[in-house]
Amino acid sequence: MKFSTKGTYGLRAVVELAGRYGDGPVSLSAVAAEQGISEAYLEQLMRSLKHAGLVTTARGKSGGYLLTKEPNRISVGEVLRALEGSTDVAGCVSADGEICENACTCSARPLFLKLQSRINAVLNETTIGELTEDHIEQKKRIEHARLS
């Protein structure tokens, strides 16, 4: 399984919003500039996130995007599923119930089930709040290294 730029850029954008949570709406241009993502592409990602109920918009001069919940109440899995559609490692372990003619005899399926279970656990148990805290610490380390 490999996430596309939708997943990685969208996750970065949500972490950016989480880092500014409680400060009011964040403009698309501010998120794009901070994360190095084109505004046009970011707008597409935000539409998907809005459709999934993870972000909302505020109109007007000070408008922009806001998270709909506290960062610690949004899982990484929610964000990735909103952007990628699926985090399945193989069709035969899909939550959509994709039917595989070889499911009963496939020697690889037990491995795929085990992998999918662990991936789901990590994605669903890791919050945007945790990623944001890690990101803030990472930025502090980089800044400290620059000053040293």
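## Terms and model

A residue is buried when its relative accessible area is under 20%, exposed when over 50%, and partly exposed in between (1.4 Å probe, protein chains only). By that scale Lys 140, at 49% relative accessibility, counts as partly exposed.

This is a predicted model: local features need pLDDT of at least 70, side-chain atom pairs count only at pLDDT 80 or more, and totals for chains, interfaces and linings use all residues. Residues are numbered from 1 along each chain as its sequence is written, and side-chain values use heavy atoms, with hydrogens and water left out.

## Overall build

The protein chain holds 6 helices and 2 strands. Both kinds of element are DSSP runs, numbered from the N terminus: helices are H or I with at least four residues, strands are E with at least two. Along the sequence the pattern reads α-α-α-β-β-α-α-α. The C-alpha trace spans about 60 × 40 × 25 Å along its principal axes.

Take contacts next (heavy atoms within 4.5 Å). Among those between residues at least 6 apart in sequence, 66% join residues at least 24 apart. Of the 148 residues, 30% count as buried.

## Surface and charge

The protein chain exposes about 9,300 Å², and carbon and sulfur atoms supply 50% of that area. Accessible areas come from the Shrake-Rupley method with a 1.4 Å probe; for residues, only the protein chains shown count as cover.

The chain has 18 positive and 18 negative charges, and their mean positions are 2 Å apart. Lys and Arg count as positive, Asp and Glu as negative; His and the chain ends are not counted. Each charge is placed at NZ of Lys, CZ of Arg, CG of Asp or CD of Glu.

## Salt bridges

Side chains of opposite charge can pair when their charged atoms come close. A salt bridge is a side-chain nitrogen of Lys or Arg within 4 Å of a carboxyl oxygen of Asp or Glu. The count here is 4 salt bridges.

One of them joins Lys 69 and Glu 78, at 3.0 Å from N to O. Lys 69 is partly exposed at 22%, and Glu 78 is partly exposed at 26%.

## Pairs in helix α6

Helix α6 covers residues 128-147. Glu 137 and Lys 140 meet there in a salt bridge of 3.5 Å, N to O. They lie 3 residues apart, so about one helical turn separates them. Glu 137 is partly exposed, at 38%.

Glu 143 and Arg 146 also form a salt bridge, at 3.5 Å from N to O. These two are 3 residues apart in helix α6, so about one helical turn lies between them. Glu 143 is partly exposed at 37%, whereas Arg 146 is exposed at 63%.
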